Amino acid sequence: MKVTLISHTPEPEKTVAAAAKLCYSKTGITGLMDGLTDEKASQFLQMLESMGHASPIEHASFTFGIEGVSRSFLAQITRHRIGSYSVQSQRYVIKSGFETIVPPAIEAIPEAKAEFEAAMASCGEYYDRLTEILTRHHAKELEAEGKSPEEAARLAVKMAIEDARYVLPNACDTKMVVTMNARSLHNFFEKRCCNRAQWEIHQVADEMLALVYAVAPSLFAHAGPPCLNGPCPEGKMSCGKAAQVRERYQQLKERTSNG
């Protein structure tokens, strides 16, 4: 997988601090950024966190490019509804010869990997055959309606892959652009950086956290799974590894700061 931070709100920490400043002072809009140094912005963010005043951090947004992930991952990330998603379409993009995302547990067992690869190859073969059959059928119908052979062939392919995609597996690769504001990202990291999160979205969440921490360290100083900042909320479902998790995210943020 590959995660890229495509763009973000310019000076996100100052933008959030300016919004917070408006809430607590008589300053007018034109003076919001006056004297707002990085240090003062950081202090505003610390104050907001201590007060539990989270709405100002919604004014900073971050846009990511995510590729080399599965359709299974897509089903999970879009459950985070306070986000914007643009996804490569299987309706308009031919997926013949698609790449597959292999779960690590399957990758580690030769017998399981062989079965997995056979299943994926079979899906690909059915997809190609269905596309061919449907294309021929639609082309004949379109020509009968008066379309030229060239136009009929072009339109028929689009019509064919719309239905042939139904045999594509969850492991089929996809790519997307995702935008979330900082408050939504905090919620996303809380859920998906947890050890109990599914492996693929957990890896993506870690990459996203490293990227935003690099540009807004004060804004995401305490971002991550809940056990970074208090007791694990999972109860009997807890992984029981809070100390190791805290150490791992401390190292992640240190690497990001030094990198």
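Modeller: The largest pocket holds about 370 Å³ of space. A pocket here is an open set of points on a 1 Å grid over the protein atoms alone, with protein on both sides within 12 Å along at least five of seven lines; a residue lines it if an atom lies within 4 Å of a point. Points are joined across faces, edges and corners, and the volume is the space filled by probe spheres set on them. Keep in mind that this model is predicted: local features need pLDDT of at least 70 and side-chain atom pairs pLDDT 80 or more, while totals for chains, interfaces and linings use all residues. Residues are numbered from 1 along each chain as its sequence is written, and side-chain values use heavy atoms, leaving out hydrogens and water.

Which residues lie nearest the centre of the largest pocket? Of its 15 lining residues, they are Leu45, Glu49, Ile57, His186 and Leu219. Two elements give two or more residues to this lining, namely helix 2 (38–51) and helix 7. Helix 2 has the largest share, with five residues. (Helices, H or I with at least four residues, and strands, E with at least two, are DSSP runs numbered from the N terminus.) By class, the lining divides into six nonpolar, seven polar and two charged residues. Here Ala, Val, Leu, Ile, Met, Phe, Trp, Tyr, Cys and Pro are nonpolar, Asp, Glu, Lys and Arg charged, and the others, Gly among them, polar.

Now turn to the second largest pocket, which has about 150 Å³ of space. Its lining is made by Tyr213, Ala221, His222, Ala223, Leu228, Asn229, Arg246, Tyr249, Gln250 and Lys253. Helix 9 contributes the most to it, with four residues. This lining has five nonpolar, three polar and two charged residues.

There is also one cavity of 30 Å³ or more in the structure; in a cavity, a 1.4 Å probe fits but cannot get out. The volume of the largest cavity is about 90 Å³. Eight of the lining residues are nonpolar, two are polar and one is charged.

The structure has three aromatic pairs, with ring centres of Phe, Tyr or Trp (its six-membered ring) within 6.5 Å; planes under 30 degrees apart are stacked, over 60 edge-to-face, and the rest tilted. Phenylalanine 62 and phenylalanine 220 have ring centres 5.5 Å apart and planes at 70 degrees, so they are edge-to-face. This pair joins distant parts of the chain, 158 residues apart: phenylalanine 62 belongs to strand 2 (residues 61–70), while phenylalanine 220 sits in the loop between helix 8 (199–215) and helix 9 (242–258). Phenylalanine 62 and phenylalanine 220 are both buried (buried is under 20% relative accessible area, exposed over 50%, partly exposed in between, with a 1.4 Å probe and protein chains only).

Phenylalanine 220 also pairs with phenylalanine 189; their centres are 6.2 Å apart and their planes at 75 degrees, so this pair is edge-to-face. Here too distant parts are linked, with phenylalanine 189 in helix 7 (residues 182–192) and phenylalanine 220 in its loop, 31 residues apart. Why does phenylalanine 189 count as buried? Because phenylalanine 189 has 0% relative accessibility. Phenylalanine 220 counts as buried at 0% as well. Together, Phe62, Phe188, Phe189 and Phe220 make up one aromatic cluster.

Finally, step back to the whole chain. The protein chain has nine helices and four strands, and 38% of its 259 residues count as buried. Along the principal axes, its C-alpha atoms fill a box of roughly 70 × 50 × 35 Å. For a sense of distance, take alanine 242 in helix 9: its C-alpha atom is 34 Å from that of glutamate 111, 131 residues away along the chain. Alanine 242 is partly exposed, at 23% relative accessible area.
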